[in-house]
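Here is a briefing on one protein chain.

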Amino acid sequence: MRSYRILFRTPEFTPFLLSFAAFAAAQTIGGLALGTLVFRATGSPLLSVVSMFGPQLAQLLGAAFLLSGADRLPPRAILSGLALAFAAGTAVLALPGLPVGAVFAVVLLQGLVASLGGGVRAGLLNEILSKDGYVLGRSVYNMLWGLMQMAGFATGGALLALLSPRTCLLLAVALYLMSAVVTRLGLTARPPRSAGRPSVSATWRTNALLWSSRPRRLTYLGLWVPNGLVVGSDSLYVSYDPGAAGTLYACGALGMFVGDMAVGRLVPPAVRPRLATPLRLLLAAPYLFFILHPGVALSAVAVTVASVGFAASLVLQERLMSLTPDGLVGQALGLHATGMAALQGVGAALAGTLAQLTSPATAMTLMAAGSVTVTLTLAALGRHEERQPAAPATRRGVVLSEPAGTDVP
């Protein structure tokens, strides 16, 4: 599937995107409002970062205990419930006088709930589209995420100049409710993709299986670590330049949009695998110059160029799909989504700590240097892996005899 026209004629693809768009807009506006609220109240770059990216860090716990539900629960009900849960949590965050400790408790609960969302959405997208349409559909999904971030952060920055952060949080609540309604009315009630009940043991068993393959491990690490370290740099925009944070986030979203459009629509499939390392290097390299404290205009250009590199995730997701049995796709993509979100949270916390000890500009540069180092290391390990012969009874990284959808009591 190489045509946007064919893609958007696919039943349920459009309502799927619309429900996600409302959810993504709510996250961006609400996240910026919450980070600004906490920064104004505490003056702490670390606490501001944790308030914005804490739910992503908390998803690590969800990945360890809840992720089997990505394939074993009905997707429409889960996505509707997820939007309603975020609406309720964000409404609590908008309460006047809420202590900072209570803010972080709500953020933790939101992260635990969100841990199912990535796997459920990715698995549902895989059901809605044919296999040859997944990369193009995922690129549109990523482009929409970039557009919603760009619009959400730009709108959020403008609204914060006119309204209070708590009012912006209430706007996010309305968007979450809209996402729940579109999901409920626009999507078909599908049964779970795999038989059996979700459980902690089933989650751990499948996660262990997914992690047992060296090619999959390298792919997961490539998806998680360089990205997470650069998001740590991104998380410091508020403390680096509070007045320009919305602009920088919007420029980052623009770069993501351009990268996903180019890789998903214009780059031939045969060429895509060779772009994983160059795109990850592009993702980090422009941040090395933040040590020079560039002004808003140069910072915006650097952020835009760097964010094109986020398209590396498309290339690596395609690789992950080729290494994973069909019956485990939902949990495999869910592990990717929650692991990436968790590493982004770790990166944000680490960047906030470094900024607290040094300065936001220094911390952004150090995080970028770490991302470049990890990318080069993984590239070297990947070249070594390619030189190893594959076992005759398997495709590389795929256990062909593994039954799909088995339950563990």
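Buried means under 20% relative accessible area, exposed over 50%, and partly exposed in between (1.4 Å probe, protein chains only). At 3% relative accessibility, F23 therefore counts as buried. The model is predicted: local features need pLDDT of at least 70, side-chain atom pairs count only at pLDDT 80 or more, and totals for chains, interfaces and linings use all residues. Residues are numbered from 1 along each chain as its sequence is written, and side-chain values use heavy atoms, without hydrogens and water.

**Confidence**
- The mean pLDDT (the predictor's confidence in each residue, from 0 to 100) is 83 for the chain, and 89% of the residues score at least 70.
- Helices are DSSP runs of H or I, at least four residues, numbered from the N terminus.
- Over residues 390-409, pLDDT stays under 50.

**Aromatic pairs**
- The whole structure holds twelve aromatic pairs. Rings of Phe, Tyr and Trp (its six-membered ring) pair if their centres lie within 6.5 Å; planes under 30 degrees apart count as stacked, over 60 as edge-to-face and the rest as tilted.
- F23 and Y176 have ring centres 5.1 Å apart and planes at 70 degrees, so the pair is edge-to-face. F23 lies in helix 2 (residues 13-42) and Y176 in helix 9 (residues 165-186), so the pair ties together parts 153 residues apart in sequence.
- Y176 is buried, at 4% relative accessibility.
- F16, F20 and Y141 are linked into a cluster by ring pairs.

**Salt bridges**
- A search finds three salt bridges (a side-chain nitrogen of Lys or Arg within 4 Å of a carboxyl oxygen of Asp or Glu) in the whole structure.
- R190 meets E12 at 2.9 Å, N to O. R190 sits in the loop between helix 9 and helix 10, and E12 in the loop between helix 1 (4-9) and helix 2, so the pair ties together parts 178 residues apart in sequence. Both residues are buried.
- R190 also meets E127, at 3.6 Å, N to O. E127 is in helix 7 (residues 117-128), 63 residues apart from R190.
- E318 and R272 form a salt bridge at 2.9 Å, N to O. E318 is in helix 16 (residues 312-322), and R272 in the loop between helix 13 (245-266) and helix 14.

**Surface**
- L61, F65, L108, V200 and W204 form a nonpolar patch with about 470 Å² of accessible area together. Patch residues have over 30% relative accessible area and no salt bridge; like charges are joined within 9 Å, nonpolar side chains (Val, Leu, Ile, Met, Phe, Trp, Tyr) within 5 Å.
- V200 is partly exposed, at 39% relative accessibility.

Conventions:
Contact = heavy atoms within 4.5 Å. Areas by Shrake-Rupley, 256 points an atom, 1.4 Å probe, with all protein chains shown as cover. Helix = DSSP H or I, 4+ residues; strand = E, 2+ residues; numbered from the N terminus.
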